[in-house]
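Please look over the sequence and the model shown here. A short tour of selected places follows.

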Amino acid sequence: MADQNVPPRRPRDDRGWDGRQHHTADGYAEHTSSAPYGYDSPHPYQGGYPAQGDPREQYADGYAQPAPAPRGPQWVGPEGLGRPASARTAGAGLPTLDDDDEPGRKVGRRKAMVALGGTAAVVAGGAALAMTPQIRSLFGDDAAGDATGSTVTDGTAARPSGQQPSTVRTYTEQNESYMGSRAGEALKKNAPTGGRAFSGPAAAAAETKVTVKTVLAKDPILHLARRATFGATPAVVSDIKKLGIDGWIRSQMEPDKLEPSKAELKLAELPTQKLDVQQLRTQRDQLNDQGAQPEREMVDATIARQIWSKRQLFEVMVDFWNDFLHVAADFDGGEVYRNSFDKDVVRKHALGSYPEMLVAANRHPALLIYLNQKDSRKDAINENLARENLELYSVGVDGGYKEPDVRQAAMLQTGRGVQDGKYVFRPEQHYVGKVKILGFTHANNSSDPKKAEAAIDAYITYIALHPSTAKYVAQSLATRFVSDTPPKSLVDRLAKTYTTNNGMIKPVLMTLFSSSEFWAAVGQKVRRPMEYLVATYRTLGVSPEASPKHNNGDNKRTPFARGLRQIHDKMRELGHFPMGQPTPDGYPDVYVAWTSAGTMLNGWNEAGELLAGYRTVFTYTAPEKLIAKPPATAGAYVDALSLRLVGQKLSTREKNLILGVAGVAATAKVDATFNGAITAVARAILASPQHHLR
C-alpha cells in the first residue's frame with residue numbers, strides 16, 4: 001500500500017514553506033545594478049524590510065528617493081503582528097506635510113490631511129474605527145487603544161487553531177486572521193448580508209438598493225469603474241455610459257479585442273521583456289554586467305499595464321491570480337523564469353480555466369524552482385510544492401486534506417524538474433505505486449513519461465475542481481471584488497458556478513457581476529497601497545510620454561523605462577508591489593492588513609509629487625488645468641475639482657477641511673491656481689475617503 005511508503009514527515013515551521021530561495025542569509029535577495037543600464041542604486045531591502053539609515057538619493061530627473069518604509073502586511077497570529085510597524089511621528093519624518101505652525105493658519109495641513117485620510121483609511125462604507133496610535137500621534141493625542149490590534153480567537157499560542165500540524169491555520173488564512181481583530185469585527189457589522197442573482201449585471205445594478213453606510217456616491221457606474229479597474233477615470237466612466245454596464249463588462253471579458261494603449265506599445269522600451277527563457281539564460285552574464293534586472297522589468301511592465309491599459313478587468317484578474325497562485329518576482333531564478341510564468345501561465349489563463357492554469361503552473365520551471373520541486377525525487381522527497389498545491393493553490397488549509405495526503409501527493413509529483421532552462425520529466429526519479437489523495441486514487445504503476453505525467457496532471461485537475469477549491473476561489477474573488485467580509489450567499493453562488501463550468505473563470509465573474517451583493521457593497525473595499533498609487537496616476541491623467549522639460553542626459557534607459565522603475569521603487573517603499581510578497585501566500589486582500597500611518601502619508605506625499613510634475617519622465621496635467629473653466633469661488637472650485645478627481649462632491653465637513661488647507665472661505669474669490677494653493681487642495685482631495693475607497 002502507498003501509505004507504507006510514506007516518507008517521515010519533515011520538520012517544518014508554521015508557515016508551510018521551507019524553501020531557501022534567496023541569496024542572502026536573511027532570506028531576501030539584494031539586487032544590484034550598474035550605472036550604464038539603470039538609474040537605480042542597489043536596493044536597500046533586506047529580509048523584506050528596509051535597511052536603516054539609508055540616505056535620500058537625488059536623481060538626475062529631480063526625484064528624491066526616500067528611505068523605504070517597512071513592508072505593510074504582516075500575518076496576525078497568536079503573538080500579534082509579525083513585526084511592529086515603524087513609529088512614524090510628526091515632524092522630521094513628514095517633510096512635505098509641514099506648515100502646521102504657520103502663523104495665522106486655522107487648520108494645519110497635516111492635521112487636515114489626517115482628518116481626511118485618517119478617516120478614509122479606517123472607514124469602509126461608514127464603519128468608523130478608532131484611528132491607530134500612529135495616526136493619532138500626528139495630532140499629539142494619547143492613544144487609548146489600537147483598533148487594528150490582533151485578538152487571539154481560538155487555539156493556543158503554539159497552534160493558532162489548536163489543530164494538528166496537518167491542519168494548523170497558517171498564513172493561508174491571513175485574510176481571515178486579520179479580520180479576527182477588533183477592526184475586522186467592526187467592519188463586519190457594516191457589510192451587506194444575503195442577496196440574489198439577476199439575469200445580468202445591468203439588471204442587478206438597476207434592482208439593487210445600497211443600504212450600507214458609505215461616503216461614496218451610490219452610483220452603479222462609478223461602483224463598477226472602481227471595482228473592475230485600477231481606478232475610475234473620465235474615459236472609463238464615459239465608456240461604461242456609452243456601452244452600457246452589460247456591454248462594457250462583455251468588452252472587458254474579451255481583452256484581446258481591445259486595442260493596446262500607447263503605454264503598452266512603449267513596453268518595447270523594456271529590453272529584457274522581449275527575451276525568452278533561453279535568451280535570458282544565454283545572455284545572463286551580459287545582462288548582469290549591464291545592470292539589467294529582467295524580473296524587475298517584468299514588474300515595471302505590470303505597473304504600466306495597471307495604470308494605462310484599456311484591458312483593466314484583465315489586469316485586475318492578473319493581479320488577483322498573482323496573489324492566489326503566487327510566485328514571487330524576487331526569487332533565485334526569477335530573473336530568468338518569472339517573466340515566462342507571467343506570460344505563459346497567469347496571463348494566458350487569467351480569464352480562462354483555473355484547472356488549466358494550475359496544471360500549466362505545475363509544469364513551469366518558475367514554480368518548480370521556487371518551491372524546490374526540481375530537487376524532489378523518489379528517494380529524497382521534497383513536500384513543498386505538494387503542500388502548497390493543497391494549502392494555497394487549491395482546497396485551502398480547511399479543505400479536508402491530512403498529512404498523508406500531502407506526502408502521497410509529494411510522492412506522486414516526483415520526477416518533474418528543470419534542465420537547460422526547460423521543464424523535464426525524469427522517469428527514473430518518479431515514485432511508482434498506488435496513491436490516494438483527498439479522494440483521488442491512481443494506480444500510478446508506470447514510469448513511462450506519458451503515463452506518469454498524465455497521472456500527475458489528473459491529480460492536479462482533480463484538486464483544482466474539488467468542491468473545497470470552488471469555495472476557496474469563490475471566497476477569494478468575493479473578497480477582491482465585493483467586501484472584506486463577503487456574504488455566504490454570494491460565495492456559495494460563485495462556488496456553484498465554478499463547479500458547473502469546470503473551473504472556467506468568466507462564468508464565475510458574470511455570476512458575481514449579476515449578483516445583488518456586488519452592487520450593494522459600495523464603499524466596502526479600501527485600496528491597498530499599490531492600488532492607491534495606481535489610482536492616483538490614473539485619475540490625474542499622467543501620460544507615459546516624457547515631459548518637454550526632461551533632460552535624458554547620457555542614460556541608456558528611456559525616460560519611460562526609468563519612470564516605471566521609479567513607480568516600482570515607490571511601491572516597494574509602500575510595501576506593496578506586483579508579485580512582491582517573498583513567501584508563496586501572496587498579499588493579504590483585506591484593509592485591516594494595511595493600516596499604517598507612515599504608508600498613508602507616503603502615498604499622499606507621492607500624490608503631491610505628481611501634482612507638482614516633479615517626475616519629468618512623464619507628462620502631467622498642471623493642477624490648475626484639471627478643470628477647463630474653474631469656478632471663481634473657492635467652494636465651487638473644490639466641488640468641481642472633487643468631481644474631476646473622485647467622481648463626486650465631498651461632504652460639507654470634508655470640503656471645509658480642504659478650504660482650511662488653502663486658508664480661504666467658501667465664498668472667497670480664487671483664480672485657476674486657487675490663489676497659489678491648487679496643489680495642496682488637489683492633494684487633500686486625493687487624501688479623502690472617496691479616493692481611498694474602491
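## The chain as a whole

Among contacts in the protein chain between residues at least 6 apart in sequence, 74% join residues at least 24 apart. Contact here means heavy atoms within 4.5 Å. The model is predicted: local features need pLDDT of at least 70, side-chain atom pairs count only at pLDDT 80 or more, and totals for chains, interfaces and linings use all residues. Residues are numbered from 1 along each chain as its sequence is written, and side-chain values use heavy atoms, with hydrogens and water left out.

The secondary structure of the protein chain comes to 29 helices and 12 strands. Both are DSSP runs, numbered from the N terminus: helices are H or I with at least four residues, strands are E with at least two. The protein chain has 694 residues, and 61% of them count as buried. Buried means under 20% relative accessible area, exposed means over 50%, and partly exposed lies in between (1.4 Å probe, protein chains only).

## Confidence

pLDDT is the predictor's confidence in each residue, from 0 to 100. The protein chain averages a pLDDT of 79, and 72% of the residues score at least 70. Over residues 1-104 the pLDDT is below 50, yet this stretch has 249 contacts in the model beyond near neighbours in sequence. Residues 119-172 also stay under 50 in pLDDT. For residues 119-172 the model has 145 contacts beyond four places in sequence.

Glutamine 373 lies in the loop between α15 (365-370) and α16 (384-391). Is glutamine 373 buried or exposed? Glutamine 373 counts as buried because its relative accessibility is 0%. A polar atom of its side chain lies 2.8 Å from the backbone oxygen of glutamine 413. Neighbours within four places in sequence aside, glutamine 373 is in contact with Leu368, Asn382, Leu385, Gln413, Thr414 and Arg416.

Gln413 is also among the residues that tyrosine 459 touches. Tyrosine 459 sits in helix α18 (residues 449-464). Its relative accessibility is 0%, so tyrosine 459 counts as buried.

Strand β9 (residues 416-419) and strand β10 (residues 422-425) pair in the antiparallel sense over four bridges. Two strands pair if DSSP finds at least two bridges between them. Valine 418 stands opposite tyrosine 423 in β10. Glutamine 419 has lysine 422 in β10 as its bridge partner.

The hairpin has two residues between its strands. Aspartate 420 lies in this loop between β9 and β10. Most residues other than glycine have a negative phi. Aspartate 420 is exposed, because its relative accessible area is 52%.

## Helices α23 and α24

The axes of helix α23 (residues 529-539) and helix α24 (residues 559-574) come within 9 Å and cross at roughly 145°. Axes are lines fitted to C-alpha atoms, for helices over the stretch in contact, and angles run from 0 to 180 degrees between N-to-C directions. From α23, the contact is made by Pro529, Met530, Leu533, Val534 and Tyr537. From α24, the contact is made by Ile567, Lys570, Met571 and Leu574.

Valine 526 is found in the loop between α22 (516-520) and α23. Valine 526 counts as buried because its relative accessibility is 7%. Methionine 579 has its place in the loop between α24 and α25 (597-612). Methionine 579 has a positive phi of about 60° although it is not a glycine. At 4% relative accessibility, methionine 579 counts as buried.

## Apart in sequence, C-alpha to C-alpha

| Pair | Separation in sequence | C-alpha to C-alpha distance |
|---|---|---|
| Tyrosine 459 and threonine 441 | 18 residues | 8.4 Å |
| Valine 526 and serine 483 | 43 residues | 9.2 Å |

How values were computed:
Polar contact = N/O pair within 3.5 Å; in protein donor to acceptor, adjacent residues only side chain to side chain.
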